[in-house]
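I opened a new page for this structure and wrote down what I looked up, entry by entry.

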Amino acid sequence: MSLYQLQKFLYVLNRDEAAQKKYHSDIDSFINEFDLTDEEAGALREGDIGLLYVLGVNGQILMHYAALLGIEWFDYLDMMRAGIEKHGPVRAGVYTMTGGGDSFTEEEKNR
Amino acid sequence: MSLVYAGALSHAPGITGRADLCENTVKRDEFLAALDRQRQDIEDSGAEALIVVAAEHFANFFMNNMPAYCIGIGDSYEGPIEDPEWLKIERTKVPGAPDLATRLTREIMHTVDVAYAEEWKFDHGIMVPLNFLTPNYDLPIIPVNINCQGPPLTPLHRAWAFGEALRRACDSVPEKVALVATGGVSHWPATPDSGKINEAWDRKFLGQLTGLEKEALLSYSDEETYAEAGQGGFEIRTYIAAAVAAGGQGHLQFYTAELPIFAVGVTVMKFDIAA
């Protein structure tokens, strides 16, 4: 578990256009700059929002990353719920799911 | 007195980014009207600079070196760091106020060991408010951050002391300065529970804030806030700092829990400036 390194990868990526170019052109090289587990590196290669959420990535960092990947809002919420269904509860941090997977907006229910 | 305006407002990214998804357009438009009144109040105050007390989301500060409090003294800033299409705010350059911000920082340091930064990238926590309050980006901005994201967080009594320091600093300069706090009351943003709001908790806290009820405001533990108001509730620190800086009666100009698509109890406030 190297959540600090995982979050730092995303923190650097989210705020730095040069890092974003590197992410798209040579993701393995970028990943190797950080001390990540195979599970964490795999989640980054796949853009696996659900697993990253369960691993405990801060929700704000993850939300900005999802935006960078062009993921639509309600899809992003679904990906986190699917991550919990597949991998179990959030393992670290304060961005846990407390609502049982329910939707809290009419807009999402009506889509 | 050189603090000429003090207020608070929500900063959630959905306010701009998901405005087109919002089904309750009546309530949304009431909120937008309240924001426009706040913009007009700031303009009418004659403010020469705007301090934005924000709770950023890892745009600049990370757990490698996390300041509890930081103030921007740069010439200019850029934002948003987020995908502009996602936030629906174009990336732009925002003017700073380096000389004024440096003098404010010196005064604040007499009682609070605030960090300072000449580089600062704005995220939605500042860009959403500026989108409504200074839409032409023509008012110099002094960004201030209170760490509300990466625990351990500054205790509320220190946020109170920071508010006092901000006020003393504003009073020490000849320029007319406006101040807004941006943040949220109860909310569970960036989780599957996005849109969950504890209206009763919000109204209780906001009532205590308008009355500047020190004992009540400082009684919230992070554990209690997390349980009842979510991790987003940690941002009450910015609201407390602004209310203390103003020192007068607060006015809740707009509040609703009926816009959960914005993922926060949407709030617009103004505080009287005590002599």
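**Entry 1: a pair of strands**

I began with one bridge and found that B:Tyr255 has B:Thr267, in β10(B), as its bridge partner. For the labels I noted that helices (H or I, at least four residues) and strands (E, at least two) are DSSP runs, numbered from the N terminus. The bridge belongs to the pairing of β9(B) with strand β10 (residues 266–273) of chain B, which is antiparallel and has seven bridges; two strands pair if DSSP finds at least two bridges between them.

**Entry 2: what kind of model this is**

I reminded myself that this is a predicted model, in which local features need pLDDT of at least 70 and side-chain atom pairs count only at pLDDT 80 or more, while totals for chains, interfaces and linings use all residues. Residues are numbered from 1 along each chain as its sequence is written, and chains are lettered from A and ligands numbered from 1 in the order in which they are written. For chain B I noted a mean pLDDT of 97, with 100% of its residues at 70 or more; pLDDT is the predictor's confidence in each residue, from 0 to 100. The scores of the model are ipTM 0.93 and pTM 0.97.

**Entry 3: the sheet of chain B**

Next I followed the sheet, which is open and has eight strands of chain B in the order β6-β3-β7-β2-β8-β1-β10-β9, with mixed pairing. I asked myself why one side of β6 and of β9 of chain B is left without a neighbour in the sheet. The reason is that β6 (115–117) and β9 (247–256) stand at the edges, each with a single partner strand. From one strand to the next the twist averages 20°, where axes are lines fitted to C-alpha atoms, for helices over the stretch in contact, and angles run from 0 to 180 degrees between N-to-C directions.

I then turned to β1(B), which runs parallel to β8(B) and is joined to it by seven bridges; one of the residues involved, B:Ala6, has B:Leu179 as its partner in β8(B). With β10(B), β1(B) pairs in the antiparallel sense over three bridges, and there B:Ala8 has B:Met269 as its bridge partner. Seven of the eight residues of β1(B) are buried, a residue being buried if 20 or more other C-beta atoms lie within 10 Å of its own, exposed if 12 or fewer, and partly exposed in between, with C-beta atoms placed from the backbone.

**Entry 4: a helix across the sheet**

In the loop between β7 and α6 of chain B I found B:Cys148, which counts as buried because it has 24 C-beta neighbours inside 10 Å. Leaving out residues up to four places away in sequence, B:Cys148 touches B:Ala55, B:Leu153, B:Phe234, B:Glu235 and B:Arg237; two residues are in contact if their C-beta atoms, placed from the backbone, lie within 7 Å.

**Entry 5: where the chains meet**

Last, I looked up the contact between the chains, where 28 residues of chain A are in contact with 28 residues of chain B. On the side of chain A that touches chain B, α6(A) gives the most, with eight residues.
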